[in-house]
2 protein chains.
Amino acid sequence: MLSSTEENYLKAIYNISERESGSVTTNNIAQVMQTKAASVTDMIKKLADKELVDYAKYRGVSLTEKGRGLATQLIRKHRLWETFLVDKLGFDWDEVHELAEELEHIRSDELINRLDQFLGQPKFDPHGDPIPNASGRFTIRQQTQLSDLKPGEKGEVVAVHHHDDALLRHLAEIGIELKTNLEVLELHAYDQSIQVRLGTGKVLQINPGLAQKLFIRRSN
Amino acid sequence: MLSSTEENYLKAIYNISERESGSVTTNNIAQVMQTKAASVTDMIKKLADKELVDYAKYRGVSLTEKGRGLATQLIRKHRLWETFLVDKLGFDWDEVHELAEELEHIRSDELINRLDQFLGQPKFDPHGDPIPNASGRFTIRQQTQLSDLKPGEKGEVVAVHHHDDALLRHLAEIGIELKTNLEVLELHAYDQSIQVRLGTGKVLQINPGLAQKLFIRRSN
DNA sequence: AAATAATTTTAGGTTGCCCTAAAAGCCTTA
DNA sequence: TAAGGCTTTTAGGGCAACCTAAAATTATTT
(Lines give C-alpha, C1' and ligand atoms only; values in the text may rest on other atoms or scores of the structure.)
Protein backbone atom coordinates (compact mmCIF):
# COMPACT_ATOMS: atom_id res chain seq x y z
CA MET A 1 0.00 0.00 0.00
CA LEU A 2 1.61 3.21 -1.15
CA SER A 3 0.96 6.71 0.12
CA SER A 4 -0.11 9.40 -2.34
CA THR A 5 3.34 10.91 -1.99
CA GLU A 6 5.07 7.66 -2.91
CA GLU A 7 2.74 7.35 -5.89
CA ASN A 8 3.61 10.85 -7.02
CA TYR A 9 7.32 10.10 -6.87
CA LEU A 10 6.82 6.96 -8.95
CA LYS A 11 4.90 8.90 -11.53
CA ALA A 12 7.54 11.61 -11.62
CA ILE A 13 10.28 9.05 -12.18
CA TYR A 14 8.23 7.40 -14.90
CA ASN A 15 7.61 10.68 -16.68
CA ILE A 16 11.22 11.78 -16.52
CA SER A 17 12.48 8.47 -17.85
CA GLU A 18 9.95 8.67 -20.69
CA ARG A 19 11.50 11.84 -22.01
CA GLU A 20 15.14 11.30 -21.04
CA SER A 21 17.35 8.30 -21.49
CA GLY A 22 19.51 6.76 -18.80
CA SER A 23 18.79 6.81 -15.10
CA VAL A 24 16.82 9.54 -13.40
CA THR A 25 18.76 11.92 -11.18
CA THR A 26 17.91 13.18 -7.74
CA ASN A 27 17.88 16.81 -8.82
CA ASN A 28 15.63 16.01 -11.71
CA ILE A 29 13.07 14.45 -9.42
CA ALA A 30 13.41 17.30 -6.94
CA GLN A 31 12.58 19.78 -9.66
CA VAL A 32 9.52 17.89 -10.87
CA MET A 33 8.29 17.27 -7.33
CA GLN A 34 8.97 20.87 -6.28
CA THR A 35 11.00 19.73 -3.32
CA LYS A 36 14.62 19.56 -2.15
CA ALA A 37 17.22 16.99 -3.18
CA ALA A 38 17.57 15.80 0.41
CA SER A 39 13.89 14.92 0.56
CA VAL A 40 14.19 13.04 -2.69
CA THR A 41 17.05 10.95 -1.34
CA ASP A 42 14.88 10.00 1.65
CA MET A 43 12.06 8.90 -0.58
CA ILE A 44 14.26 7.05 -3.05
CA LYS A 45 15.54 4.89 -0.23
CA LYS A 46 12.03 4.06 0.77
CA LEU A 47 11.02 3.17 -2.78
CA ALA A 48 14.19 1.07 -3.14
CA ASP A 49 13.29 -0.83 0.05
CA LYS A 50 9.93 -1.61 -1.51
CA GLU A 51 11.67 -2.76 -4.69
CA LEU A 52 9.94 -0.18 -6.83
CA VAL A 53 13.18 1.39 -8.04
CA ASP A 54 16.75 0.29 -8.56
CA TYR A 55 19.06 2.64 -6.78
CA ALA A 56 22.81 3.06 -6.48
CA LYS A 57 24.09 5.97 -4.43
CA TYR A 58 25.09 8.97 -6.53
CA ARG A 59 24.02 7.05 -9.64
CA GLY A 60 20.33 7.90 -9.85
CA VAL A 61 17.33 5.57 -10.04
CA SER A 62 15.32 3.59 -12.54
CA LEU A 63 11.96 1.90 -12.10
CA THR A 64 11.75 -1.84 -11.57
CA GLU A 65 9.10 -3.85 -13.40
CA LYS A 66 6.91 -3.56 -10.34
CA GLY A 67 7.47 0.20 -10.11
CA ARG A 68 6.76 0.71 -13.77
CA GLY A 69 3.55 -1.29 -13.49
CA LEU A 70 2.30 0.86 -10.65
CA ALA A 71 3.25 4.06 -12.47
CA THR A 72 1.37 2.88 -15.54
CA GLN A 73 -1.76 2.22 -13.50
CA LEU A 74 -1.53 5.74 -12.08
CA ILE A 75 -1.32 7.15 -15.57
CA ARG A 76 -4.33 5.07 -16.53
CA LYS A 77 -6.29 6.49 -13.63
CA HIS A 78 -5.16 10.04 -14.31
CA ARG A 79 -6.15 9.91 -17.96
CA LEU A 80 -9.47 8.20 -17.34
CA TRP A 81 -10.42 10.84 -14.79
CA GLU A 82 -9.40 13.59 -17.20
CA THR A 83 -11.61 12.00 -19.82
CA PHE A 84 -14.48 11.87 -17.35
CA LEU A 85 -14.06 15.51 -16.40
CA VAL A 86 -14.04 16.69 -20.01
CA ASP A 87 -16.51 14.28 -21.64
CA LYS A 88 -19.05 13.99 -18.85
CA LEU A 89 -18.71 17.10 -16.70
CA GLY A 90 -17.90 19.52 -19.51
CA PHE A 91 -14.60 20.90 -18.22
CA ASP A 92 -12.18 22.37 -20.75
CA TRP A 93 -9.03 20.41 -21.49
CA ASP A 94 -6.89 23.02 -19.74
CA GLU A 95 -8.80 22.78 -16.45
CA VAL A 96 -8.57 19.12 -15.62
CA HIS A 97 -4.96 18.31 -14.86
CA GLU A 98 -4.89 19.39 -11.21
CA LEU A 99 -8.18 17.69 -10.41
CA ALA A 100 -7.02 14.46 -12.01
CA GLU A 101 -3.86 14.66 -9.88
CA GLU A 102 -6.09 14.31 -6.86
CA LEU A 103 -8.55 11.80 -8.27
CA GLU A 104 -5.85 9.42 -9.48
CA HIS A 105 -4.99 8.54 -5.88
CA ILE A 106 -8.40 7.08 -5.10
CA ARG A 107 -7.61 3.46 -4.42
CA SER A 108 -10.03 1.09 -6.11
CA ASP A 109 -9.52 -1.10 -9.12
CA GLU A 110 -13.24 -1.77 -9.27
CA LEU A 111 -13.93 1.96 -9.48
CA ILE A 112 -11.47 2.57 -12.26
CA ASN A 113 -12.65 -0.38 -14.30
CA ARG A 114 -16.25 0.72 -14.01
CA LEU A 115 -15.26 4.26 -14.92
CA ASP A 116 -13.47 2.90 -17.98
CA GLN A 117 -16.64 1.05 -19.01
CA PHE A 118 -18.79 4.08 -18.35
CA LEU A 119 -16.58 6.22 -20.59
CA GLY A 120 -16.68 3.60 -23.34
CA GLN A 121 -13.13 2.32 -22.84
CA PRO A 122 -11.47 5.33 -24.42
CA LYS A 123 -8.02 4.81 -25.91
CA PHE A 124 -6.91 8.46 -25.70
CA ASP A 125 -7.45 11.20 -23.16
CA PRO A 126 -8.57 14.78 -23.89
CA HIS A 127 -4.99 15.79 -24.70
CA GLY A 128 -4.56 12.92 -27.13
CA ASP A 129 -2.34 10.91 -24.79
CA PRO A 130 -2.92 7.16 -24.87
CA ILE A 131 -4.71 5.54 -21.92
CA PRO A 132 -3.12 2.24 -20.86
CA ASN A 133 -5.57 -0.64 -20.49
CA ALA A 134 -6.00 -2.62 -17.27
CA SER A 135 -2.90 -4.68 -18.10
CA GLY A 136 -0.85 -1.55 -18.67
CA ARG A 137 -0.71 -1.68 -22.47
CA PHE A 138 -0.79 1.55 -24.43
CA THR A 139 -2.40 1.94 -27.82
CA ILE A 140 0.27 3.38 -30.06
CA ARG A 141 -0.73 5.81 -32.71
CA GLN A 142 1.34 6.82 -35.69
CA GLN A 143 2.24 10.39 -34.96
CA THR A 144 4.92 12.93 -35.74
CA GLN A 145 5.95 16.19 -34.17
CA LEU A 146 4.69 19.14 -36.18
CA SER A 147 8.31 20.27 -36.34
CA ASP A 148 9.12 17.17 -38.42
CA LEU A 149 6.58 17.86 -41.16
CA LYS A 150 7.74 19.18 -44.54
CA PRO A 151 6.00 21.92 -46.53
CA GLY A 152 3.01 20.53 -48.34
CA GLU A 153 2.36 17.79 -45.76
CA LYS A 154 -1.08 17.67 -44.17
CA GLY A 155 -2.36 16.11 -41.01
CA GLU A 156 -4.55 16.20 -37.95
CA VAL A 157 -3.58 17.24 -34.41
CA VAL A 158 -3.80 14.09 -32.28
CA ALA A 159 -1.90 15.03 -29.13
CA VAL A 160 -0.29 17.85 -27.18
CA HIS A 161 2.64 16.88 -25.01
CA HIS A 162 3.99 18.26 -21.73
CA HIS A 163 0.88 20.35 -21.47
CA ASP A 164 0.60 22.98 -18.84
CA ASP A 165 -2.66 24.85 -18.62
CA ALA A 166 -1.22 28.03 -20.12
CA LEU A 167 -0.11 26.14 -23.22
CA LEU A 168 -3.52 24.58 -23.68
CA ARG A 169 -5.27 27.91 -23.25
CA HIS A 170 -2.92 29.46 -25.79
CA LEU A 171 -3.73 26.71 -28.30
CA ALA A 172 -7.44 27.23 -27.80
CA GLU A 173 -6.96 30.96 -28.41
CA ILE A 174 -5.11 30.54 -31.69
CA GLY A 175 -7.67 28.01 -32.87
CA ILE A 176 -5.85 24.70 -32.39
CA GLU A 177 -7.39 21.76 -30.58
CA LEU A 178 -7.45 17.98 -30.95
CA LYS A 179 -8.63 16.93 -34.41
CA THR A 180 -7.75 20.28 -35.94
CA ASN A 181 -6.58 19.69 -39.53
CA LEU A 182 -3.61 21.60 -40.80
CA GLU A 183 -1.19 21.86 -43.68
CA VAL A 184 2.42 23.05 -43.47
CA LEU A 185 2.97 25.91 -45.92
CA GLU A 186 6.53 27.08 -45.30
CA LEU A 187 9.50 26.65 -42.98
CA HIS A 188 11.25 29.88 -42.09
CA ALA A 189 14.91 29.07 -41.71
CA TYR A 190 15.86 32.29 -39.93
CA ASP A 191 13.83 31.52 -36.76
CA GLN A 192 12.80 27.89 -37.36
CA SER A 193 9.16 28.92 -37.29
CA ILE A 194 6.56 27.05 -39.31
CA GLN A 195 3.73 28.56 -41.29
CA VAL A 196 0.61 26.42 -41.30
CA ARG A 197 -2.94 26.70 -42.63
CA LEU A 198 -5.63 25.29 -40.37
CA GLY A 199 -8.70 23.44 -41.64
CA THR A 200 -10.61 26.65 -41.02
CA GLY A 201 -8.41 28.46 -43.55
CA LYS A 202 -6.66 30.48 -40.86
CA VAL A 203 -2.90 30.87 -41.43
CA LEU A 204 -0.56 30.85 -38.44
CA GLN A 205 3.14 31.08 -37.59
CA ILE A 206 4.07 28.37 -35.09
CA ASN A 207 7.30 28.79 -33.17
CA PRO A 208 9.64 25.80 -32.95
CA GLY A 209 9.11 25.17 -29.22
CA LEU A 210 5.41 24.80 -29.75
CA ALA A 211 5.84 22.75 -32.93
CA GLN A 212 7.68 20.08 -30.93
CA LYS A 213 4.77 19.72 -28.56
CA LEU A 214 2.11 19.28 -31.23
CA PHE A 215 1.73 15.73 -32.50
CA ILE A 216 0.23 15.15 -35.90
CA ARG A 217 -1.10 12.16 -37.75
CA ARG A 218 -0.29 12.62 -41.43
CA SER A 219 -3.29 12.54 -43.71
CA ASN A 220 -1.57 12.47 -47.10
CA MET B 1 -7.46 24.80 4.00
CA LEU B 2 -8.22 21.71 6.04
CA SER B 3 -6.52 18.33 5.90
CA SER B 4 -8.60 15.23 5.17
CA THR B 5 -8.15 14.27 8.80
CA GLU B 6 -9.52 17.57 10.05
CA GLU B 7 -12.44 17.20 7.66
CA ASN B 8 -13.16 13.73 8.98
CA TYR B 9 -13.24 15.00 12.55
CA LEU B 10 -15.66 17.75 11.58
CA LYS B 11 -17.91 15.25 9.92
CA ALA B 12 -17.76 12.92 12.91
CA ILE B 13 -18.71 15.75 15.25
CA TYR B 14 -21.54 16.75 12.95
CA ASN B 15 -22.89 13.22 12.78
CA ILE B 16 -22.71 12.66 16.51
CA SER B 17 -24.46 15.92 17.27
CA GLU B 18 -27.18 15.03 14.76
CA ARG B 19 -28.16 11.98 16.72
CA GLU B 20 -27.39 13.10 20.25
CA SER B 21 -28.27 16.31 22.01
CA GLY B 22 -25.87 18.44 23.99
CA SER B 23 -22.17 18.76 23.32
CA VAL B 24 -20.09 16.01 21.79
CA THR B 25 -17.65 14.22 24.08
CA THR B 26 -14.04 13.30 23.46
CA ASN B 27 -14.67 9.59 23.93
CA ASN B 28 -17.59 9.72 21.56
CA ILE B 29 -15.42 11.18 18.84
CA ALA B 30 -12.61 8.73 19.61
CA GLN B 31 -14.99 5.84 19.09
CA VAL B 32 -16.31 7.12 15.78
CA MET B 33 -12.83 8.01 14.51
CA GLN B 34 -11.39 4.70 15.71
CA THR B 35 -8.66 6.47 17.61
CA LYS B 36 -7.65 7.29 21.21
CA ALA B 37 -9.06 10.04 23.40
CA ALA B 38 -5.65 11.71 23.62
CA SER B 39 -5.49 12.09 19.85
CA VAL B 40 -8.96 13.57 19.85
CA THR B 41 -7.96 16.18 22.40
CA ASP B 42 -5.04 17.19 20.15
CA MET B 43 -7.29 17.61 17.17
CA ILE B 44 -10.04 19.42 19.06
CA LYS B 45 -7.54 22.07 20.06
CA LYS B 46 -6.54 22.54 16.48
CA LEU B 47 -10.14 22.82 15.32
CA ALA B 48 -10.87 25.26 18.15
CA ASP B 49 -7.90 27.41 17.05
CA LYS B 50 -9.43 27.53 13.59
CA GLU B 51 -12.79 28.50 15.11
CA LEU B 52 -14.55 25.45 13.72
CA VAL B 53 -15.65 24.19 17.13
CA ASP B 54 -16.42 25.70 20.50
CA TYR B 55 -14.43 23.93 23.13
CA ALA B 56 -14.21 24.07 26.91
CA LYS B 57 -11.85 21.62 28.59
CA TYR B 58 -13.64 18.58 29.99
CA ARG B 59 -16.91 19.94 28.59
CA GLY B 60 -16.87 18.54 25.08
CA VAL B 61 -17.24 20.41 21.79
CA SER B 62 -19.90 21.76 19.48
CA LEU B 63 -19.56 23.01 15.92
CA THR B 64 -19.49 26.74 15.23
CA GLU B 65 -21.49 28.12 12.29
CA LYS B 66 -18.35 27.90 10.20
CA GLY B 67 -17.67 24.34 11.27
CA ARG B 68 -21.22 23.26 10.60
CA GLY B 69 -21.08 24.85 7.15
CA LEU B 70 -17.96 22.89 6.24
CA ALA B 71 -19.39 19.66 7.60
CA THR B 72 -22.53 20.17 5.54
CA GLN B 73 -20.50 20.65 2.38
CA LEU B 74 -18.66 17.41 3.11
CA ILE B 75 -21.94 15.61 3.45
CA ARG B 76 -23.08 17.14 0.18
CA LYS B 77 -19.95 15.84 -1.53
CA HIS B 78 -20.21 12.41 0.05
CA ARG B 79 -23.82 11.95 -1.00
CA LEU B 80 -23.32 13.27 -4.52
CA TRP B 81 -20.41 10.88 -5.05
CA GLU B 82 -22.49 7.99 -3.71
CA THR B 83 -25.22 8.93 -6.15
CA PHE B 84 -22.69 9.01 -8.98
CA LEU B 85 -21.30 5.61 -8.06
CA VAL B 86 -24.72 3.99 -7.94
CA ASP B 87 -26.57 5.82 -10.73
CA LYS B 88 -23.75 6.12 -13.25
CA LEU B 89 -21.24 3.39 -12.47
CA GLY B 90 -23.73 0.77 -11.38
CA PHE B 91 -22.39 0.01 -7.90
CA ASP B 92 -24.79 -1.46 -5.33
CA TRP B 93 -25.89 0.79 -2.48
CA ASP B 94 -23.89 -1.27 0.01
CA GLU B 95 -20.59 -0.85 -1.86
CA VAL B 96 -20.23 2.89 -2.12
CA HIS B 97 -19.71 4.25 1.37
CA GLU B 98 -15.96 3.67 1.63
CA LEU B 99 -15.27 5.01 -1.83
CA ALA B 100 -17.31 8.13 -1.15
CA GLU B 101 -15.28 8.62 2.04
CA GLU B 102 -12.23 9.08 -0.17
CA LEU B 103 -13.88 11.03 -2.95
CA GLU B 104 -15.48 13.56 -0.63
CA HIS B 105 -12.05 15.02 0.17
CA ILE B 106 -11.37 16.10 -3.39
CA ARG B 107 -11.18 19.85 -3.07
CA SER B 108 -13.09 21.66 -5.82
CA ASP B 109 -16.38 23.49 -5.65
CA GLU B 110 -16.47 23.63 -9.43
CA LEU B 111 -16.18 19.85 -9.62
CA ILE B 112 -18.92 19.21 -7.14
CA ASN B 113 -21.30 21.69 -8.73
CA ARG B 114 -20.76 20.18 -12.16
CA LEU B 115 -21.23 16.71 -10.71
CA ASP B 116 -24.49 17.88 -9.17
CA GLN B 117 -25.64 19.16 -12.58
CA PHE B 118 -24.53 15.97 -14.30
CA LEU B 119 -26.54 13.87 -11.86
CA GLY B 120 -29.62 16.06 -12.35
CA GLN B 121 -29.39 17.87 -9.00
CA PRO B 122 -30.62 14.92 -6.98
CA LYS B 123 -32.28 15.69 -3.65
CA PHE B 124 -31.66 12.28 -2.06
CA ASP B 125 -28.76 9.84 -2.19
CA PRO B 126 -29.00 6.07 -2.82
CA HIS B 127 -29.78 5.44 0.85
CA GLY B 128 -32.57 8.01 0.86
CA ASP B 129 -30.56 10.59 2.79
CA PRO B 130 -31.11 14.18 1.72
CA ILE B 131 -28.33 15.92 -0.22
CA PRO B 132 -27.76 19.50 0.93
CA ASN B 133 -27.68 22.06 -1.87
CA ALA B 134 -24.73 24.37 -2.52
CA SER B 135 -25.91 26.70 0.25
CA GLY B 136 -26.13 23.83 2.70
CA ARG B 137 -29.92 23.48 2.76
CA PHE B 138 -31.45 20.03 3.08
CA THR B 139 -34.72 19.00 1.49
CA ILE B 140 -36.83 17.66 4.30
CA ARG B 141 -39.14 14.79 3.61
CA GLN B 142 -42.01 13.73 5.78
CA GLN B 143 -40.86 10.44 7.17
CA THR B 144 -41.39 8.20 10.17
CA GLN B 145 -39.43 5.35 11.68
CA LEU B 146 -41.05 2.03 10.80
CA SER B 147 -41.16 1.38 14.54
CA ASP B 148 -43.63 4.28 14.90
CA LEU B 149 -46.19 2.91 12.45
CA LYS B 150 -49.40 1.35 13.74
CA PRO B 151 -50.98 -1.84 12.41
CA GLY B 152 -52.86 -1.11 9.20
CA GLU B 153 -50.65 1.83 8.22
CA LYS B 154 -48.97 1.68 4.82
CA GLY B 155 -46.00 3.44 3.35
CA GLU B 156 -42.90 3.43 1.24
CA VAL B 157 -39.29 2.99 2.37
CA VAL B 158 -37.56 6.32 1.73
CA ALA B 159 -34.37 6.07 3.77
CA VAL B 160 -32.13 3.75 5.77
CA HIS B 161 -30.19 5.38 8.56
CA HIS B 162 -26.79 4.60 10.11
CA HIS B 163 -26.17 2.19 7.32
CA ASP B 164 -23.25 -0.10 7.44
CA ASP B 165 -22.69 -2.34 4.47
CA ALA B 166 -23.82 -5.46 6.34
CA LEU B 167 -27.16 -3.86 7.14
CA LEU B 168 -27.71 -2.85 3.53
CA ARG B 169 -26.83 -6.29 2.27
CA HIS B 170 -29.22 -7.82 4.78
CA LEU B 171 -32.02 -5.56 3.58
CA ALA B 172 -31.35 -6.49 -0.01
CA GLU B 173 -31.52 -10.17 0.98
CA ILE B 174 -34.87 -9.93 2.72
CA GLY B 175 -36.29 -7.92 -0.18
CA ILE B 176 -36.27 -4.38 1.16
CA GLU B 177 -34.80 -1.46 -0.75
CA LEU B 178 -35.65 2.19 -1.33
CA LYS B 179 -39.18 2.63 -2.66
CA THR B 180 -40.32 -0.73 -1.35
CA ASN B 181 -43.98 -0.45 -0.31
CA LEU B 182 -45.09 -2.09 2.88
CA GLU B 183 -47.96 -2.37 5.30
CA VAL B 184 -47.73 -3.03 9.02
CA LEU B 185 -49.81 -6.07 9.95
CA GLU B 186 -49.15 -6.65 13.64
CA LEU B 187 -47.00 -5.55 16.56
CA HIS B 188 -45.75 -8.36 18.73
CA ALA B 189 -45.57 -7.03 22.25
CA TYR B 190 -43.43 -9.84 23.62
CA ASP B 191 -40.33 -8.97 21.55
CA GLN B 192 -41.31 -5.60 20.03
CA SER B 193 -41.04 -7.11 16.58
CA ILE B 194 -43.20 -5.89 13.72
CA GLN B 195 -44.91 -7.98 11.12
CA VAL B 196 -45.10 -6.31 7.71
CA ARG B 197 -46.28 -7.22 4.25
CA LEU B 198 -44.14 -5.92 1.40
CA GLY B 199 -45.52 -4.69 -1.94
CA THR B 200 -44.47 -8.03 -3.36
CA GLY B 201 -46.79 -9.81 -0.98
CA LYS B 202 -43.95 -11.22 1.08
CA VAL B 203 -44.57 -11.17 4.85
CA LEU B 204 -41.67 -10.47 7.21
CA GLN B 205 -40.91 -10.11 10.90
CA ILE B 206 -38.80 -6.99 11.48
CA ASN B 207 -36.92 -6.72 14.74
CA PRO B 208 -37.15 -3.45 16.66
CA GLY B 209 -33.52 -2.41 16.08
CA LEU B 210 -33.97 -2.62 12.35
CA ALA B 211 -37.39 -0.96 12.48
CA GLN B 212 -35.80 2.16 13.95
CA LYS B 213 -33.41 2.43 11.04
CA LEU B 214 -36.03 2.16 8.32
CA PHE B 215 -37.73 5.42 7.44
CA ILE B 216 -41.13 5.36 5.85
CA ARG B 217 -43.30 7.90 4.08
CA ARG B 218 -46.91 7.09 4.92
CA SER B 219 -49.10 6.48 1.92
CA ASN B 220 -52.53 6.42 3.50
C1' DA C 1 45.96 15.47 -12.08
C1' DA C 2 44.67 18.98 -9.04
C1' DA C 3 41.44 22.41 -8.09
C1' DT C 4 36.99 23.95 -8.35
C1' DA C 5 32.18 23.30 -9.20
C1' DA C 6 28.09 20.73 -9.03
C1' DT C 7 25.43 17.06 -7.29
C1' DT C 8 24.05 13.92 -3.84
C1' DT C 9 23.89 12.17 0.70
C1' DT C 10 23.96 12.47 5.72
C1' DA C 11 22.87 14.60 10.06
C1' DG C 12 19.80 16.73 12.69
C1' DG C 13 15.43 19.27 13.16
C1' DT C 14 10.11 20.53 12.29
C1' DT C 15 5.18 19.52 11.71
C1' DG C 16 0.94 16.73 11.59
C1' DC C 17 -1.26 13.00 13.43
C1' DC C 18 -0.98 9.22 16.04
C1' DC C 19 0.33 6.53 20.45
C1' DT C 20 0.94 5.07 25.85
C1' DA C 21 1.23 6.28 30.54
C1' DA C 22 0.34 9.26 34.08
C1' DA C 23 -1.94 13.27 36.02
C1' DA C 24 -6.05 16.07 36.53
C1' DG C 25 -10.91 16.85 36.67
C1' DC C 26 -15.69 15.35 37.06
C1' DC C 27 -19.37 12.56 38.89
C1' DT C 28 -21.70 9.09 41.47
C1' DT C 29 -22.71 6.86 45.36
C1' DA C 30 -21.99 5.14 49.84
C1' DT D 1 -18.99 14.90 51.32
C1' DA D 2 -15.25 11.97 50.46
C1' DA D 3 -13.72 8.03 47.83
C1' DG D 4 -13.45 5.49 43.90
C1' DG D 5 -14.27 5.19 39.20
C1' DC D 6 -14.78 7.30 34.79
C1' DT D 7 -13.32 10.63 31.45
C1' DT D 8 -10.26 13.89 29.72
C1' DT D 9 -5.99 16.15 29.36
C1' DT D 10 -0.96 16.50 29.59
C1' DA D 11 3.63 14.74 28.89
C1' DG D 12 6.60 12.56 26.17
C1' DG D 13 7.45 9.73 22.00
C1' DG D 14 7.09 7.61 17.11
C1' DC D 15 6.66 7.89 12.08
C1' DA D 16 6.15 10.12 7.40
C1' DA D 17 7.54 13.72 4.72
C1' DC D 18 9.58 17.75 4.60
C1' DC D 19 13.53 21.20 5.63
C1' DT D 20 18.70 23.43 6.16
C1' DA D 21 23.50 22.90 6.63
C1' DA D 22 27.42 20.32 6.19
C1' DA D 23 29.94 16.37 4.42
C1' DA D 24 30.86 13.14 0.69
C1' DT D 25 31.14 12.03 -3.99
C1' DT D 26 31.32 12.89 -8.86
C1' DA D 27 32.16 15.93 -12.81
C1' DT D 28 34.48 19.65 -15.10
C1' DT D 29 37.99 22.76 -15.99
C1' DT D 30 42.58 24.26 -16.22
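Analyst: Start at the DNA. DNA strand D is surrounded by 22 residues, and the closest are A:T35, A:S39, A:K46, B:K45 and B:Y55. Keep in mind that this is a predicted model.

User: Which parts of DNA strand D lie within 4 Å of the protein?

Analyst: Of the DNA strand D atoms in that range, 82% belong to sugar or phosphate. The rest belong to bases.

User: Which helices supply the surface near DNA strand D?

Analyst: At least two residues each come from helix 1 (4–19) and helix 3 (37–49) of chain A, and from helix 2 (26–33) and helix 3 (37–49) of chain B. Helix 3 of chain A gives the largest share, five residues.

User: Why is the pair between A:S3 and DNA strand D called a polar contact?

Analyst: The cut-off for a pair of N or O atoms is within 3.5 Å. A polar side-chain atom of A:S3 lies 2.6 Å from a phosphate oxygen of DNA strand D, so the pair qualifies. The side chain of A:Y58 has an N or O atom 3.5 Å from a sugar or linking oxygen of DNA strand D.

User: How do you know that chains A and B are related by a two-fold axis?

Analyst: Chain B superposes on chain A by a rotation of 180°, with 0.0 Å of shift along the axis and an RMSD of 0.0 Å. That is the relation of a two-fold axis. In chain B, the residue that comes closest to the rotation axis is B:L103, with its C-alpha at 3.8 Å.

User: Why is strand 6 of chain B said to pair with strand 5 of chain B?

Analyst: Pairing needs at least two bridges. Strand 5 (residues 181–188) and strand 6 of chain B are joined by six and run antiparallel, so they pair.

User: What joins strand 6 of chain B to strand 7 of chain B?

Analyst: Four bridges do, and the two strands run antiparallel. B:I194 has B:I206 as its bridge partner in strand 7 of chain B. Their hairpin also has four residues between the strands, and B:G201 there takes a positive phi near 100°.

User: What makes strand 6 of chain B mostly covered?

Analyst: Five of the six residues in strand 6 (residues 193–198) are buried.

User: Why is A:Q192 called exposed?

Analyst: Exposed means over 50% relative accessible area. A:Q192 is at 54%, so it counts as exposed. A:Q192 sits in the loop between strand 5 (181–188) and strand 6 (193–198) of chain A. Its phi is positive, about 60°, although A:Q192 is not a glycine.

User: Is B:Q34 buried or exposed?

Analyst: B:Q34 is exposed, because its relative accessibility is 75%. B:Q34 lies in the loop between helix 2 and helix 3 of chain B. B:Q34 is not a glycine, yet has a positive phi of about 55°.

Note on methods:
Residues numbered from 1 in each chain as written. Chains lettered and ligands numbered in written order. Predicted model: local features only at pLDDT ≥ 70, side-chain atom pairs only at ≥ 80, totals over all residues. Heavy atoms only, no water. Buried < 20%, exposed > 50% of the residue type's maximum accessible area, 1.4 Å probe, protein only. Near = heavy atom within 4 Å. Polar contact = N/O pair within 3.5 Å; in protein donor to acceptor, adjacent residues only side chain to side chain. Least-squares fit on C-alpha atoms with pLDDT ≥ 70 in both.
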